[in-house]
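Colleague: I am new to this structure and would like to learn how to read its contacts and its core. Could we go through it together?

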Amino acid sequence: MAIPKKKLEKDIQREICEELDKKGYLFWRSNNIPVFGKNNGGKMTFRAMPKYTPKGLPDIMLVFKGQFFALEVKRPGEKLRPDQAKYRDSLEKHGGIYYTIHDKAELPILGF
């Protein structure tokens with residue numbers, strides 16, 4: 001019997017986004033990994049993120065019933081990086097709601 005492969009984080013993100021889209025939520029997916037491309041000299045390198053792109057930005061953001069939610073997607077057993085925890089703390093300080101989510105099955109539990 002073959003051992004099932006663990007889902008990649010990007011696959012979990014996609015499944016969550018597909019579920020939110022199917023339900024008609026206002027959400028967006030943020031990719032805050034620097035873009036890899038050619039610099040002025042033609043060398044392949046990472047480009048810096050825009051100046052005001054915060055470190056630790058969550059994977060998915062949505063507005064639901066007038067409230068701002070942030071969803072950080074992690075594989076089971078993974079924890080937030082320090083910059084993600086700092087962003088979470090700042091968002092909650094300003095009235096947003098932050099969840100770490102591991103599977104689309106958690107959406108109904110969170111109220112989505």
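Colleague: Which residues does F112 touch, not counting residues up to four places away in sequence?

Modeller: This is a predicted model. Contact here is a matter of heavy atoms within 4.5 Å. F112 touches L20, K23, Y25, L62, F64, F69, L71, Y99 and L107.

Colleague: Which residues have the most contacts inside the largest nonpolar core?

Modeller: A core joins buried nonpolar residues through side-chain atoms. The largest one here has 15 residues, and I16, L20, I60, L62, L71 and F112 have the most contacts inside it. Two or more residues come from each of α1 (9-22), β4 (60-64) and β5 (67-73). Helix α1 gives the most, four residues. A second, separate core has six residues, among them L57, Y87, L91 and Y98.

Colleague: Is S30 buried or exposed?

Modeller: Buried means under 20% relative accessible area. S30 has 11%, so S30 is buried. S30 lies in the loop between β1 and β2 (36-38). Leaving aside neighbours within four places in sequence, its contacts are L57, P58, D59 and M61. S30 and I60 are 30 residues apart in sequence, yet their C-alpha atoms are 6.0 Å apart in space.

Colleague: And why does L26 count as exposed?

Modeller: Exposed means over 50% relative accessible area. L26 counts as exposed because its relative accessibility is 54%. L26 belongs to strand β1 (residues 26-29).

Colleague: Which residues make the nonpolar surface patch of about 270 Å²?

Modeller: L26 makes that patch together with W28 and V63.

Note on methods: Residues are numbered from 1 along each chain as its sequence is written. This is a predicted model: local features need pLDDT of at least 70, side-chain atom pairs count only at pLDDT 80 or more; totals for chains, interfaces and linings use all residues. Side-chain values use heavy atoms; hydrogens and water are left out. Patches are made of residues with over 30% relative accessible area and no salt bridge: like charges are joined within 9 Å, nonpolar side chains (Val, Leu, Ile, Met, Phe, Trp, Tyr) within 5 Å. Accessible areas come from the Shrake-Rupley method with a 1.4 Å probe; for residues, only the protein chains shown count as cover. A salt bridge is a side-chain nitrogen of Lys or Arg within 4 Å of a carboxyl oxygen of Asp or Glu. Buried means under 20% relative accessible area, exposed over 50%, partly exposed in between (1.4 Å probe, protein chains only). A nonpolar core is a set of buried Ala, Val, Leu, Ile, Met, Phe, Trp, Tyr and Cys residues joined through side-chain atoms within 4.5 Å.
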